[in-house]
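Trainee: I've just opened this one and I'm new to it. Could you walk me through it?

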Amino acid sequence: MKNALITGASRGLGLALARQLAQKGWGLIIDARGKKALEQVRDELLAKTKVIVIPGDITTESHRKKLLKAAQELGGLDVLVNNASLLGPSPQPPLLAYPLDVLEEVYRANVVAPLAIIQILHSTLKLDACIINVTSDAGVEAYGGWGGYGSSKAALEHLSRIFAEENPSIRVYWVDPGDMRTQMQQEAFPDEDISDRPLPEESVPGLLALIEGNQPSGRYRARELVESTG
């Protein structure tokens, strides 16, 4: 059995990916801050595969140690997906008005925590395992009002590049799933109708192509990847 750990898997892209991997019989470790929502996901997926749910905050060391224990119990990981993110204030403020204490929280969740998870789980990665760090076009484009979240994703992208350079034996992907119809997207645009955005499920095939393929480490746009290979 292949095993994956997906953070932020109680909704959105994380949940959509977990459902597809469960359908393929993968063992799963999933986390999220909301215990009730996570348990509902567990009840849904247990009919298809082995699922370990660990509610908690990825920014805390105690939670990350629980993730390590679960990965060891499963016998190691084939895929590690750093999907959990913190948007920050809603609506997004300009940098001159951005609360610095909140900016620290955003960086802690979107940059420091993914690296901390990779550090603690590195020993559990199997041969030919891959790491996926979920990023955003806000990490490469200068959108006004997105200084906090966008710069944190830019930092995650560069961190991913350096980690890939330092660890050539590991496939490291930083993946932009594109705009999606998710709760985070609605929080980012609280006054807009986002019903025209694609569902997260439309970005999952691109993630699966990376997980199941042998593409070199690098930055990918999930939906464009499917179009180019399909």
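Predicted model: local features only at pLDDT ≥ 70, side-chain atom pairs only at ≥ 80, totals over all residues.

Trainee: Which peptide bond is cis?

Mentor: The bond from Ser 90 to Pro 91 is cis, with its omega near 0°, and Pro 91 lies in the loop between strand 4 (77-82) and helix 4 (100-121). As background, most peptide bonds are trans, and most residues other than glycine have a negative phi.

Trainee: Then which residue has a positive phi although it is not a glycine?

Mentor: That is Asp 128, whose phi is about 70°, and its place is in strand 5, which covers residues 125-134.

Trainee: Switching to helices, how do you describe two that pack together?

Mentor: Two packed helices are described by the angle between their axes and by the distance between those axes.

Trainee: Good, so at what angle do helix 1 and helix 2 pack?

Mentor: Helix 1 (residues 12-23) and helix 2 (residues 35-45) pack at about 20°, and their axes are 11 Å apart. Angles under 35 degrees count as roughly parallel, and so helix 1 is roughly parallel to helix 2. The crossing of helix 1 with helix 2 is right-handed.

Trainee: Which residues of helix 1 and helix 2 meet there?

Mentor: From helix 1 they are Leu 15, Ala 18, Arg 19 and Ala 22, which meet Val 41, Glu 44 and Leu 45 of helix 2. Sorted by class, this contact has five nonpolar and two charged residues, with no polar ones.

Trainee: How does helix 1 lie against helix 7?

Mentor: The axes of helix 1 and helix 7 (residues 204-212) come within 10 Å and cross at roughly 55°, which makes helix 1 oblique to helix 7. Helix 1 passes helix 7, too, in a right-handed crossing. On the helix 1 side the residues are Leu 13, Ala 16, Leu 17, Gln 20 and Leu 21, and they meet Val 204, Leu 207, Leu 208 and Ile 211 in helix 7. These divide into eight nonpolar residues, one polar and no charged.

Trainee: What about helix 4 and helix 5, how do their axes cross?

Mentor: Their axes come within 9 Å and cross at roughly 20°, with helix 5 covering residues 147-166, and the two helices are therefore roughly parallel to each other. Helix 4 passes helix 5 in a right-handed crossing. The residues that meet include Leu 103, Val 106 and Tyr 107 in helix 4, and Gly 148, Tyr 149 and Ser 151 in helix 5. By class, the contact of helix 4 with helix 5 has twelve nonpolar, four polar and no charged residues.

Trainee: Last topic, pockets: how much space lies in the second largest pocket?

Mentor: About 150 Å³ of space lies in that pocket. Eleven residues line it, and the closest to its centre are Asp 176, Gly 178, Arg 221, Arg 223 and Glu 224.

Trainee: Which helix gives the largest share of that lining?

Mentor: Helix 8 (residues 222-229) does, with three residues. By class, the lining of the second largest pocket has seven charged, three nonpolar and one polar.

Conventions:
Residues numbered from 1 in each chain as written. Heavy atoms only, no water. 1 Å grid on protein atoms, 1.4 Å probe; cavity = no way out; pocket = protein on both sides within 12 Å on 5 of 7 lines; lining within 4 Å. Points joined across faces, edges and corners; volume = space filled by probe spheres on them. Helix = DSSP H or I, 4+ residues; strand = E, 2+ residues; numbered from the N terminus. Nonpolar A, V, L, I, M, F, W, Y, C, P; charged D, E, K, R; others polar. Axes fitted to C-alpha atoms, helices over the stretch in contact; angles between N-to-C directions. Parallel < 35°, antiparallel > 145°, perpendicular 65-115°, else oblique. Left-handed = near helix turned anticlockwise from the far one by under 90°. Contact = heavy atoms within 4.5 Å.
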